[in-house]
Amino acid sequence: MVDARGYSCPTPVIMVQKAVKGSAPGTLEVLVDNQCSVENVTRFARNAGYSVQVSDLNGDFRLTLTR
């Protein structure tokens, strides 16, 4: 899991990028707290071959990346 709450872009994308390059997980959960991060992490994940599901957690967002 990548907890990128409290960070503004591009930091959440960089954190996800490192997690993906490090272990190439089949599933990865990412927590962010702003819509800009949702959009940017989603764009990166899709370009890296992941499908993305977004859940709203009362102001925070959980992105589930799946290959």
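**Entry 1: ground rules.** I count a contact when heavy atoms lie within 4.5 Å. With that setting, residues 24 or more positions apart account for 60% of the contacts in the protein with a separation of 6 or more. I am working with a predicted model, where local features need pLDDT of at least 70, side-chain atom pairs count only at pLDDT 80 or more, and totals for chains, interfaces and linings use all residues. Numbering starts from 1 along each chain as its sequence is written, and side-chain values use heavy atoms, with hydrogens and water left out.

**Entry 2: overall dimensions.** I took the radius of gyration over C-alpha atoms and used the globule rule of 2.2 Å times the number of residues to the power 0.38. For 67 residues a compact globule would come out near 11 Å, and the protein has 10 Å, which agrees. The C-alpha trace spans about 30 × 20 × 20 Å along its principal axes. For surface I used Shrake-Rupley accessible areas with a 1.4 Å probe, and for residues only the protein chains shown count as cover. The protein exposes about 3,900 Å², with carbon and sulfur atoms supplying 47% of it.

**Entry 3: the elements.** Helices (H or I, at least four residues) and strands (E, at least two) are DSSP runs, numbered from the N terminus. I find two helices and four strands, and along the sequence they follow the pattern β-α-β-α-β-β.

**Entry 4: the sheet.** I call two strands paired if DSSP finds at least two bridges between them. The four strands form an open sheet in the order β1-β2-β4-β3, with mixed pairing. Which strands stand at the edges? They are β1 (2-3) and β3 (51-57); each has a single partner strand, so one side of each is left without a neighbour in the sheet. Strand β2 (residues 27-32) runs antiparallel to β4 (residues 60-66), and six bridges join them. V32 has F61 of β4 as its bridge partner.

Entry 5: My axes are lines fitted to C-alpha atoms, for helices over the stretch in contact, and angles run from 0 to 180 degrees between N-to-C directions. Helix α1 (residues 11-23) lies across β1, β2 and β4, at about 165 degrees to β2. Helix α2 (residues 35-47) lies across β2, β3 and β4, at about 5 degrees to β4.

Entry 6: Buried means under 20% relative accessible area, exposed over 50%, and partly exposed in between (1.4 Å probe, protein chains only). By that count 34% of the 67 residues are buried. A nonpolar core is a set of buried Ala, Val, Leu, Ile, Met, Phe, Trp, Tyr and Cys residues joined through side-chain atoms within 4.5 Å. The largest one has 18 residues, of which V2, V16, L28, V30, V32, L63 and L65 touch the most other members. At least two residues of this core come from each of α1, β2, α2 and β4.

Entry 7: Beyond its neighbours within four places in sequence, S37 contacts Y7, C9, P12, V32 and T42. T42 also sits in helix α2 and counts as buried, at 10%. With residues up to four places away set aside, T42 touches S37, V52, V54 and L63.

Entry 8: Most residues other than glycine have a negative phi, and most peptide bonds are trans. I noted these exceptions.

- The peptide bond from C9 to P10 is cis, with omega near 15 degrees; P10 lies in the loop between β1 and α1.
- A24, in the loop between α1 and β2, has a positive phi of about 45 degrees and is partly exposed at 45% relative accessibility.
- N58 has a positive phi near 55 degrees in the hairpin of β3 and β4, which has two residues between the strands; N58 is exposed, at 80%.
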